[in-house]
Amino acid sequence: MAPTPMMQQYMQVKSDYQDAFLFFRLGDFYEMFYDDALQASQILEITLTSRGGTGDDRIPMCGVPHHAAQNYIDQLISKGHKVALCEQVEDPKTTKGMVKREVVRLITPGTHTEGKSIDSKSNMFLAAAEQLTDGFALSYVDISTGEASAMYIAGTEKALLQELQSLNIKELVVSEQLFLLLNEDSQDLVLSIEPMDFIYNADERLLSTCPEDLKLSIQRLLTYISRTQKQSLEHIQPFVFNENGQLLSIDFHSKRNLELLQSIRGGETKGTLLWLLDETVTAMGSRKLKQWLHQPLANRHLIEKRQQLVEVLIEQYFVRVELQELLKEVYDLERLSGRIAFGSASGRDLAQLRSSLEKVPTIIAELANSGHGTLANFSDKLDRCGEVCELLEAISENPPLSSKEGGVIRDGFHEKLDEYRYASRNGKDWIAQLEQEERVKTGIKSLKIGYNRIFGYFIEISKANMHLADLDRYERKQTLANAERYITPELKEKETLILTAEEESLHLEYELFVKIREEVKQYIGRIQQLASTLSELDVFMSFANVAEKYRFVKPAFNDSREISIIEGRHPVVEKMLNKQLYVPNDCVLTNSQNMLLITGPNMSGKSTYMRQVALTIVLAQIGSYVPAESANLPIVDQIFTRIGAADDLVSGQSTFMVEMLESQYAITHATERSLLLFDEIGRGTSTYDGMALAQSMIEYIHEHIGANTLFSTHYHELTALDQSLDKLSNVHVAAMEQSGKVVFLHKVKKGPADKSYGIHVAELAELPQPILERARELLASFEAENKKHVSQVEQLSFFDERDTEGEEVLQAIADINIAAMTPLQSLQLLNDLQVKLSKKE
Ligand SMILES: Nc1ncnc2c1ncn2[C@@H]1O[C@H](COP(=O)(O)OP(=O)(O)OP(=O)(O)O)[C@@H](O)[C@H]1O
């Protein structure tokens, strides 16, 4: 059987949206057909029906009511699908034949901006990537708020995928070529191909300062958005990127190891720096804080400007409390602007915008009257958006959710609208009066005038009272079980007046509303700027609260590379400690001694100490105060960590391989302005391999990079390195033996640890006594053996001028492209190196 014209129309639209569920609007429903219907009925658990034809010709079909569609769309998107919304784009009343239908929007995991599944406190980014010679260009935008960034990612596809994961990106726009490269490993990430057969003409405002190789990915991203969203992109903000090293780069591993935004295990927020810091009162503020943690600053001037505000807000306690109360009443201006740009803002959204803007003059006054220059200057940055307030005066006090049912525009704003409303209200009063009069005339107390959509207004009289009705004046319209319904000519006349007035009024009101919404659109840039400034204020106040609550101090900065943290603490571990006191520790690195080799028993606090130094730097560079008695810090350009259990079980790489990859990444990218944290390098391989690698890395960093470095190790043999490396010094985390048991002091002291206490820790873990005794015995004999080996290791002086094999070995290690090697190859290489070294002996 030939398809009906409507099914032909359906198939034509569907051919352009093969990879999406096509929601095809038919009256009050969105219908799905064929495969879409088969799949969607299962995923959404809705009834599968069919349409047209007979037997096998019947077309599978299922549908969802238009007004409840959002919930179903949410479900499909959260499972990684796309939904194309196909609407009637002509008014069926005025069209002859088939109504034209078009896809008005493609909703995808990265462009899904409405619905319950959206977390208002997190950004929802859509990203695009391009492959470069040594990595990738990545750009991303939150289309609900318009915030946009671009960056480089060094390394392989894996690095790219990890960065996407850390930014919680669900959808990546790519070329066909990149699709093929990523498809196998992309897991839950949705890859969308944008062939760029038309190119969105991006506003120079968005791109002007971006380097060329970032521009292509931005262009692909914008083209995709414009093609799928078919809406104005006016609210997209200029792409932020690390211009001239203004930002502190922290790679994916390090963010995870330091637990800045997600905990290592489970990925939740509890136990992270964000968890400690987030005392913001608006969703915008919370998002801003996350952005700052993702990209701390590396520009002293900008950091100090943030610090100044935090400082004043700490002093001005009452101003802070007042401002926080005011900010709580400001709605999400960024997401409101997004909806205005997309033309999806409701009357209620505009009322929320107005009530938020109404708070701004009070916020400005609060800042300006604080008597503090810094706050007064900051208040100058807040734009009252007076023109927008004027436009929004037209909106009524409490508009309904739907903008088409009236009640959006206030009385007295528009003369014609008032007239229609008057006519309709007047008519309704007239009807109420008529009801009274008819009751008196007929003597029927229960007589009433009702309304329904089919018969309009009618007079209803119960069967019991029929004998009292004045049937000469009434015309019977409908008979019910217990009552009769009548009309009169004058009732019908009024009805026409009321209904026309109502219809005209709704029509005019909607027109006025859309016009206002369009006019507000011109000011989106200014509203966004205001939103950004208010969210910064929110974050500054959060910093002030946190500084006060946890006794943080303002760090000073130096232009050299010196770190001096006195009595520093790990704020998150401190907060988590139950009743016990956190033991504060100093960290002092100077230009002439900028590497610490940290030894100490397991569980003594080595990694906590290293992390606390990195967190102090991160906190300082986002503009926050830091957990210490005092701190004088350099401006760091990058932080690299190789800490703790980062077993990459998912990708099947061994702990040791992950360790080597992270080390390789750090060593090849660090500069002398970076901070390196290496925790127990070499732990994952045999003792001598591990020790050799650890020592050669320390030497390489010492000679070739010069970055501030904290290196913890359980190879006590390495502590002798301070003899040959003048920038390296030993510290240890102290522990004490008390009646044969180990007591952790958590105190970092000068010099190497004298004992490893490993067996004591095993004792704490209550391993059986015979095992512990045997271990003590073995330890004694190993230590005797070891003395011989140490002297051998010390002879491995790679920088001895006569030692050409040593240099070759070192060079070979430096040349290793770990990323390109299999574990087997790396073992082979280590073996070759060992052979080379043994030849030299
Ligand atoms: N300065 C401190 N004050 C109080 N408690 C601390 C301190 N540092 C560490 N701790 C406690 O000790 C525990 C172990 O610390 P951490 O993991 O840093 O030890 P580690 O020396 O790195 O251990 P391992 O060598 O086994 O990895 C922490 O979870 C914390 O509870």
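Let's start at the ligand: the shell around it splits into four nonpolar, eight polar and one charged residue (Ala, Val, Leu, Ile, Met, Phe, Trp, Tyr, Cys and Pro count as nonpolar, Asp, Glu, Lys and Arg as charged, and the others, Gly among them, as polar). Keep in mind that this is a predicted model, where local features need pLDDT of at least 70, side-chain atom pairs count only at pLDDT 80 or more, and totals for chains, interfaces and linings use all residues. Residues are numbered from 1 along each chain as its sequence is written.

Of the 13 residues around the ligand, Asn602, Gly605, Ser607, Thr608 and His746 come nearest (a residue is near if its C-beta atom, placed from the backbone, lies within 6 Å of the molecule). Helix 21 (residues 606–622) gives the largest share of this shell, three residues. Helices (H or I, at least four residues) and strands (E, at least two) are DSSP runs, numbered from the N terminus.

Seven strands make an open one, ordered 12-22-23-24-20-25-26, with mixed pairing (two strands pair if DSSP finds at least two bridges between them). Strand 12 (249–250) and strand 26 (741–750) stand at the edges with a single partner strand each, so one side of each has no neighbour in the sheet. Strand 25 (residues 728–738) pairs with strand 26 in the antiparallel sense over seven bridges, and Met736 has Val743 of strand 26 as its bridge partner. Helix 21 packs on this sheet, touching strands that include strand 20 (595–599) and strand 23 (675–679), and its direction makes about 165° with that of strand 23. Angles run from 0 to 180 degrees between N-to-C directions, with axes being lines fitted to C-alpha atoms, for helices over the stretch in contact.

Another open sheet has six strands, in the order 3-4-2-1-5-6, again with mixed pairing. Here strand 3 (49–51) and strand 6 (101–107) are the edges. Strand 1 (residues 21–26) and strand 2 (residues 29–33) pair in the antiparallel sense over three bridges, and Phe24 has Glu31 in strand 2 as its bridge partner.

Finally, a helix pair: helix 11 (residues 300–315) and helix 19 (residues 524–549) pack at about 60°, with their axes 8 Å apart. The contact involves Arg306, Leu309, Val310, Leu313 and Ile314 of helix 11, and Phe540, Met541, Phe543, Ala544, Ala547 and Glu548 of helix 19 (C-beta atoms, placed from the backbone, within 7 Å). These contact residues divide into nine nonpolar, no polar and two charged.

Methods. Two residues are in contact if their C-beta atoms, placed from the backbone, lie within 7 Å.
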